[in-house]
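Student: I have a structure open and would like to understand the words used to describe it. Could we go through them together?

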Amino acid sequence: MTVRADRTGPGLRRRIGPRGSGGAEYRRAVTDNWHSIGLPPEALSEIEAAGIDLPDLDAVRRYRLDRVRSRLRELDYAGIILYDPVHIRYASDTTNMSLWTAHNPCRYLWVGAEGPMILFDYGAAAYLAGHADLVHEVRPATQWMYELSGIEMDRNLRRWSAELAALVAEHGGGNRRVAIDRASPDAIHALDRQRLQLRNGGEVMEVARSVKSPEEVTLMRAAIAVTDHSLDAMRSALEPGITELELWAVLHSENIRRGGEWLETRLLSSGPRTNPWFQEAAPRVIEDGDLVAFDTDLIGPYGMCVDISRTWIAGDRPPNANQLDVFGRAEEMIHRNMAMLRPGITFRELTFDTFVPDIEEFHHYTTQFHGVGMADEWPMIGFPHTWEQSGWDGVVEAGMVLCVETFVGRRGWGEGVKLEQQVLVTDRGAELLSGYPLGLR
């Protein structure tokens, strides 16, 4: 293995890459990594035209790792085992087949409160972390999922759990409390047998991710700026006769073309399918005068989520009375609720003191606010009537980015309107990040 200086802490050496022969091939692969290549020229031009100066990505990486480690120390955990690809991306800024590894637990990351950050990657893919100087070492992942290990699953689980227990023993300072974000019952039992005291990794990562650095906000602004151009292309394609699927594909294509990564959902519907919400895009042909509602739910450039919703009207027909009424109610809810955001306001206040159209007359969305960063995040803030079942209290902080969200559609008839804005909480209140026009046209 090649050895290079590491930025993870004093006395640590970085161990990524092949030893001896093949070093040049490894270096070439690192240079050709898409993280190193960066965004397409078109996207960079759009970001520059928006007046955005891209930050030092190493500063973003250091901030994120510091947030994770600070949270581990606050909770007195030796470290955390991460399987969620978004969590791995946040802590290490490395990727490998993100959607595939989201449902195949074959790649994981160890982040210690002290000591090295070690990536256990799928396949012969050590070079994929070559750009990430905070990753101390890359090892082949021990595969215990049944698809890859079959009847030897128990044997592989024993080897996997022993390897992680050895890390805890070496770097945990005698602390055996370890968080993990997701695992099957077999994996949990294997770690239990190693006498590790397991804790909830979601609590660590969601709180760590909730407050953004100025550099992270700049990356989010950049992702939003290029998404605006994707929405322009989508709006231009919206003509009577196009299908919902064809229109949704425009957003997907434009996001990928600009260096984005994927769409989390396929929430686009038209006409009678807009109410109630959560219909997925279908082959329905969009007609003149239809409302077309969608939620971007996209992971854009730099892995930043752009989560905004708009409702448009297709063709030249003027909106009818119901369309204007539900749009007006949805728009009022967005503006009034967004104005409430400030540091120190509680989740309870944002649940009970907001403006909501009469729930007996109108369908509504599942949340009023939610966090957003590299995906939808904690907190999720619901409605008064859901408080006893799923509500909890907390405090909004400066540096949080929240989505303000609404759906309004009459119960039993008529089309519905979906709107959502992405907002930065500052010491002065709410700063709108998603500036794409809200109007029906």
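Student: In which sense do S5 and strand S6 (residues 137–140) pair, and over how many bridges?

Tutor: Keep in mind that this is a predicted model. S5 and S6 pair in the parallel sense, over four bridges.

Student: What makes S4 (residues 108–112) and S5 a pair of strands?

Tutor: Two strands pair if there are at least two bridges between them. Four bridges join S4 to S5, and these strands run antiparallel. Tryptophan 110, for instance, has isoleucine 118 in S5 as its bridge partner. S4 and S5 form a hairpin with four residues between them, and glycine 115 in the turn has a positive phi of about 85°.

Student: How do you know that strand S5 (residues 117–121) is mostly covered?

Tutor: Five of its five residues are buried. Met117, Leu119 and Asp121 point one way from the strand, Ile118 and Phe120 point the other way, and all are buried.

Student: Why is tyrosine 77 called buried?

Tutor: Buried means under 20% relative accessible area. Tyrosine 77 has 9%, so it is buried. You will find tyrosine 77 in the loop between H4 and strand S3 (79–82). Beyond residues up to four places away in sequence, tyrosine 77 touches Leu72, Ala113, Asn175, Arg177, Ala179, Arg199, Glu203 and Val204.

Student: Now the helices. Why are H4 and H10 called oblique to each other?

Tutor: Angles over 145 degrees count as roughly antiparallel and 65 to 115 as roughly perpendicular. The axes of helix H4 (residues 57–75) and helix H10 (residues 201–209) cross at roughly 130° and come within 9 Å. H4 and H10 are therefore oblique to each other. H4 passes H10 in a right-handed crossing.

Student: Which residues of H4 and H10 meet?

Tutor: Arg67, Val68, Arg71, Leu72 and Leu75 in H4 meet Glu203, Val204, Met205, Val207 and Ala208 in H10. By class, this contact has seven nonpolar, no polar and three charged residues.

Student: Why are H5 and H10 oblique to each other?

Tutor: Angles under 35 degrees count as roughly parallel and 65 to 115 as roughly perpendicular. Helix H5 (residues 85–92) and H10 pack at an angle of about 55°, with their axes 11 Å apart. H5 and H10 are therefore oblique to each other. H5 passes H10 in a left-handed crossing. Val86, His87 and Tyr90 in H5 meet Met205, Glu206, Ala208 and Arg209 in H10.

Note on methods: Residues numbered from 1 in each chain as written. Predicted model: local features only at pLDDT ≥ 70, side-chain atom pairs only at ≥ 80, totals over all residues. Heavy atoms only, no water. Axes fitted to C-alpha atoms, helices over the stretch in contact; angles between N-to-C directions. Helix = DSSP H or I, 4+ residues; strand = E, 2+ residues; numbered from the N terminus. Left-handed = near helix turned anticlockwise from the far one by under 90°. Contact = heavy atoms within 4.5 Å. Nonpolar A, V, L, I, M, F, W, Y, C, P; charged D, E, K, R; others polar. Buried < 20%, exposed > 50% of the residue type's maximum accessible area, 1.4 Å probe, protein only.
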